[in-house]
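Let's take a walk through this protein and look at how its charged side chains pair up. Keep the 3D view open as you read.

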Amino acid sequence: MFYPRFRPRRMRANENLRRMIRETRLSVDDLIYPMFVVPGRRVKKLISSMPGNFQQSVDRIVEDAKEVYELGIPAILLFGIPEYKDALGSSAYDKKGPVQEAIRAIKKKVPELIVITDVCLCEYTSHGHCGIVKNGKILNDPAIKILAREALSHVKAGADMVAPSDMMDGRVAVIREALDKEGFADIPIMSYAAKYASSFYGPFREAAESTPKSGDRRSYQMDPPNALEALREVALDIEEGADIVMVKPALSYLDIIYRVKEEFGMPVAAYNVSGEFSMIKAAGRLGWIDEKRAMMEVLTSIKRAGADMIITYFAKEVAKNL
C-alpha cells in the first residue's frame, strides 16, 4: 500500500499550527472606515441597505470617529451630503459644508486619526453625475477645475489625504498642482485609479444620495471586462502624482488588484464596496452563511490579492473580531 511521504494535513491539525504557517494576515492597520456626514445636529439616520451604517451630523460623526480610533483603525474616508445641490456642484468647496466642518471637528477631537476625503461631484450636483453635464454630455475639463477647488477646501480644513473618485481624465495632475501651489506638497493623493462601472454600488447610492437623474456613469467609469485598460489608468495616475492607487470594487476585481501590485509596486488600496458588504449582511441575516467567517474570508482574500489597505464598511466589526 502506498503512503504519502509528505502530508500537508499535518500542519492543519489544530488552530495553533494553522496560525504558525499562515501566509496572509489581516490586521486592523489595513483598514479604512467610510463615513457619511450630513448637515444638522443630532442626526443619526440608518442607511437601510447597509446595516450598521449611518448618515450622521458633525456632532455624531465625531463620536463615531472616536470609537473608530479607539478600535485601532488608523483612518476614515469621509463622504458628504450637502444642504443644497446645483448643476456645477458648487457646494463641494463650501468651507462651511458638512465635510469641511466634519474635518475640523474630527481633527480637533481625534487629531491622530487620519482623515481622508472623497473628492467627487456626484453628491453635490443636481444631476448626480461626477462631471459637468451639457446637452447630455459629461464635460471633463471644467469638472477637474472644480474637483481641485474641492480638494483644496478639504485640505485647508485639515484633511490628511484626498481621494479623487470621479474618474475624470487628468484630475490627479490638476489636484496635485493646486495643492502644491497652496503650500500643501506633503498632502498625499489616494486616487481611485481603476474604478469600474459596477452593479455593486447600489446601496452606496442611498447612503450618498448620489443616483444620477438620467443616464449612467459608463462613459467615465471603466468597463468591467477590461484589465489592460486598468493598468493604463493606474500608470497615468502615478505619472500625474498619485501616492496610493485604488481598485474599486474589490471582490470581482481581485485579479486587477494583483496585477496592479505586481506591475507597479505602489501602495494599493481596494474598496470593499457597499454591495459586497450588503450581500454578506443579507445572507448572514437569513442564516444562509456564517456572516463573521464570510467577512473575514472576503477581506483576507483582498489582502492576499495584494491590497495594502482595504476600505470597508466592516472595519469596526473586523477590528473587534481581531
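**Charges that pair up**

The count here comes to 18 salt bridges. Keep in mind that you're looking at a predicted model.

Start with Asp 64 and Lys 316, a salt bridge whose closest N and O atoms are 2.7 Å apart. Asp 64 belongs to helix H2 (residues 58–70) and Lys 316 to helix H11 (residues 315–321), so this pair ties together parts that are 252 residues apart in sequence. Both Asp 64 and Lys 316 are buried.

Next, find Lys 107 and Asp 160, where the closest N and O atoms of the salt bridge are 2.8 Å apart. Lys 107 sits in helix H3 (residues 98–109), while Asp 160 is in the loop between helix H4 (141–157) and strand E8 (161–164), so the pair ties together parts that are 53 residues apart in sequence. Is Lys 107 buried or exposed? Its relative accessibility is 18%, so Lys 107 counts as buried, because the cut-off for buried is under 20%. Asp 160, at 22%, is partly exposed.

Now look at Arg 22 and Glu 15, whose side chains meet in a salt bridge at 3.2 Å, N to O. Arg 22 is partly exposed, with a relative accessible area of 37%, and Glu 15 is partly exposed too, at 35%.

Finally, Arg 7, Arg 9, Arg 10 and Arg 12 form a positive surface patch. You'll find Arg 12 in the segment before helix H1 (15–20).

Notes:
Residues are numbered from 1 along each chain as its sequence is written. This is a predicted model: local features need pLDDT of at least 70, side-chain atom pairs count only at pLDDT 80 or more; totals for chains, interfaces and linings use all residues. Side-chain values use heavy atoms; hydrogens and water are left out. Patches are made of residues with over 30% relative accessible area and no salt bridge: like charges are joined within 9 Å, nonpolar side chains (Val, Leu, Ile, Met, Phe, Trp, Tyr) within 5 Å. Accessible areas come from the Shrake-Rupley method with a 1.4 Å probe; for residues, only the protein chains shown count as cover. A salt bridge is a side-chain nitrogen of Lys or Arg within 4 Å of a carboxyl oxygen of Asp or Glu. Lys and Arg count as positive and Asp and Glu as negative; His and the chain ends are not counted. The place of a charge is taken as NZ of Lys, CZ of Arg, CG of Asp or CD of Glu. Helices (H or I, at least four residues) and strands (E, at least two) are DSSP runs, numbered from the N terminus. Buried means under 20% relative accessible area, exposed over 50%, partly exposed in between (1.4 Å probe, protein chains only).
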